[in-house]
Amino acid sequence: MPAAEPEPSAGPLPAGPLPAGPASDGIAVERVTKTYGSGPAASTALAGIDLEVPAGRWVTLIGPSGCGKSTLLRIVSGLLEPDSGSVSIFGRSPREASAGKQIAYVPQSPALLPWRTAVGNVRLPLQVNRRARPQDRQTPRGHDTARATALLEDVGLGDSLHKYPSELSGGMQQRVAIARAFALEAPVLVMDEPFSALDELTREGLRHQLLELWARHRATVLFVTHSVAEAVTLSDTVVVMSPHPGRVAGVVPVNLGRPRPEGIEDTPAFHETEAAIRLLLRGRQ
Amino acid sequence: MSWLRPSRWLPALVAFALLVLIWKLLADHDRYLLPQPGATASQLWNYPGLYLRNARSTLVEALIGLGIGFGGAFLISVVMSQISLVERALLPLAVALNVTPVVAVAPALVVAFGFGRTPKVIVTAVIVFFPALINSLVGLRSADPEVLDVLRSLNANRSEVLWWVRLPSALPYLFAAARVCLPLSVVGAVVAEFVTPGSSAGLGTLITEASANSALDRVYAAIICLAVLGVVLTILITVIERRVLAWQPSRRRT
């Protein structure tokens, strides 16, 4: 009896339409290469990357500048084509997945529209490309606004719903960007160093807010960061990359259980995982 | 109401009084250099209808020319931003048009279109066209690349990107263009009136005729009208800009 079958229109969707079979679950990256330029000036950004993000899991890419993590992220998001190799997102190509609005992409900067209020920015992904998903076409506009409002309240911006980005601090802008990504309710969430421009205190607060939201929506996440602590706090698995050419230096599982309370950063298990990642990061320099 | 404070308006008032004083001294020194400020003021006071009628005529020409030139430039820039072939075809022509002194074409336009409003509107539209086109093109390209990435990741089509991102991004540039083009449109109208001496209305015509009669007080009265026209138009565009671009941080400070 298909008891777990969700009703199509009621409430927020679960973690997207998950096709059956382990082969098509989550994100699978196979032997992906990418070279920028040609001839003697060519630089290999990615030299044969294999990577797997099981459905509902959080995988973080970490590595020094030039290791190709942003390039890989753009390939997975369908913003860039690889030279060779393949990417599968729940059994589809990145282009197909983005055509179906299955990928929520969060760039480095908040990338908000300055002429739209916080609510307007969070609604944007629902307004764009409405043809792609039947649920977008059927929901009335008021529903978009209600969803955007609820998400902004979730990230603590209930007082700033109708403020313009220029009236918000950097951390608040980034929270709007995160709310925008979750508004899409896409099964895949791809984030490119979303906290890199923020100060350490703001970052720590945002990590836990992000985890709370994610616990509720359970998307499959591919995340990029420079910060080892951030990687450990957030992820199920940390993939360490090394530069010139970009390749995977090692994979560190994070065995910390969930949910992860604030203050988990001070536990011995946390420090051990951090140390393992640092070792891999240092090994290739 | 910060502009009610004397510290706000007093410096400008003092500067204005000084200007009138210097004008007066120069006029006393040589009456063919400048008319008496008083004589100029009484011109405006005694013949308000004359100046209003001519100012209206110039204003209408300027605004019609501005509308055609600005609107046309904007539409063409949108097409250029979407189809690079059109940009490669038209941009060199626009640059050539820009470096051509339009004043030189004005007499020919009179031959072609007569002494009516048409040649003046054309000159104005042509003068306004290039700054509007370039600003609009730059504005349409000014969209944040990361915002564009977000829209691409949602598979937004071209017209959605244009409507949701590129056009609003271009707005501040369009207003900057309008600030340049509004005074320029008055220049265009006046210059076109200069070369059509037979035409009956317009401040430019008034200036040519008064100069021919050495009636400097009338010349300067007309010039003051032009200045007021420019100031009013600029204030108008500033007010609209503040309204429309309320989301811009720099607009909200003062």
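**View 1. A salt bridge between A:Glu185 and A:Arg147.** In this predicted model, the side chains of A:Glu185 and A:Arg147 come together in a salt bridge with an N to O distance of 3.6 Å. (A salt bridge here is a side-chain nitrogen of Lys or Arg within 4 Å of a carboxyl oxygen of Asp or Glu.) A:Glu185 sits in the loop between helix H6 (170–183) and S6 of chain A, and A:Arg147 in helix H5 (residues 141–154) of chain A, so the pair ties together parts that are 38 residues apart in sequence. Helices (H or I, at least four residues) and strands (E, at least two) are DSSP runs, numbered from the N terminus. A:Glu185 counts as buried, at 12% relative accessibility, and A:Arg147 counts as buried at 16%. Buried means under 20% relative accessible area, exposed over 50%, and partly exposed in between, with a 1.4 Å probe and protein chains only.

A few words on how to read the views: residues are numbered from 1 along each chain as its sequence is written, while chains are lettered from A and ligands numbered from 1 in the order in which they are written. Because this is a predicted model, local features need pLDDT of at least 70 and side-chain atom pairs count only at pLDDT 80 or more, whereas totals for chains, interfaces and linings use all residues; side-chain values use heavy atoms, with hydrogens and water left out.

**View 2. A:Glu81 and A:Arg95, a salt bridge from loop to helix.** The closest N and O atoms of A:Glu81 and A:Arg95 are 3.5 Å apart, and the two residues form a salt bridge. A:Glu81 belongs to the loop between helix H1 (69–77) and strand S4 (84–89) of chain A and A:Arg95 to helix H2 of chain A, so this pair ties together parts that are 14 residues apart in sequence. A:Glu81 is partly exposed, with a relative accessible area of 43%. A:Arg95 also counts as partly exposed, at 44% relative accessibility. Over all chains, a search of the whole structure finds 15 salt bridges.

**View 3. Strand S5 of chain A, covered on both faces.** Strand S5 spans residues 103–106 of chain A. A:Ile103 and A:Tyr105 lie on one side and A:Ala104 and A:Val106 on the other, and all of them are buried. S5(A) pairs in the parallel sense with strand S6 (residues 188–192) of chain A, over four bridges. (Two strands pair if DSSP finds at least two bridges between them.) Look for A:Val106, which stands opposite A:Met191 in S6(A).

**View 4. Where chain A meets chain B.** Here 28 residues of chain A are in contact with 20 residues of chain B, contact meaning heavy atoms within 4.5 Å. The two chains bury about 2,200 Å² between them, 60% of it on carbon and sulfur atoms. Buried area is the accessible area (1.4 Å probe) that two parts lose on being put together, summed over both. A:Leu79, A:Trp115 and A:Val128 supply 27% of the area that chain A buries against chain B, more than any other three residues.

**View 5. Charged partners across the interface.** The count between chain A and chain B is two salt bridges. A:Arg74 and B:Asp149 meet through their side chains in a salt bridge (2.7 Å, N to O). On the side of chain A that touches chain B, helix H2 (94–99), S5 and helix H3 (118–127) each supply at least two residues. The largest share, three residues, comes from H3(A).

**View 6. A salt bridge within one helix of chain B.** The side chains of B:Asp28 and B:Lys24 meet in a salt bridge at 3.3 Å, N to O. Both residues lie in helix H1 (residues 6–29) of chain B, four residues apart, about one turn of the helix. B:Asp28 counts as partly exposed at 47% relative accessibility, and B:Lys24 counts as partly exposed at 34%.

**View 7. B:Leu140 and its surroundings.** B:Leu140 lies in helix H6 (residues 118–141) of chain B and is buried, with a relative accessible area of 0%. Leaving aside neighbours within four places in sequence, B:Leu140 is in contact with B:Ser77, B:Val78, B:Ser81, B:Leu162, B:Arg166, B:Leu167 and B:Ala170. As for the chain around it, chain B has 11 helices and zero strands, and buried residues make up 40% of its 254 residues.
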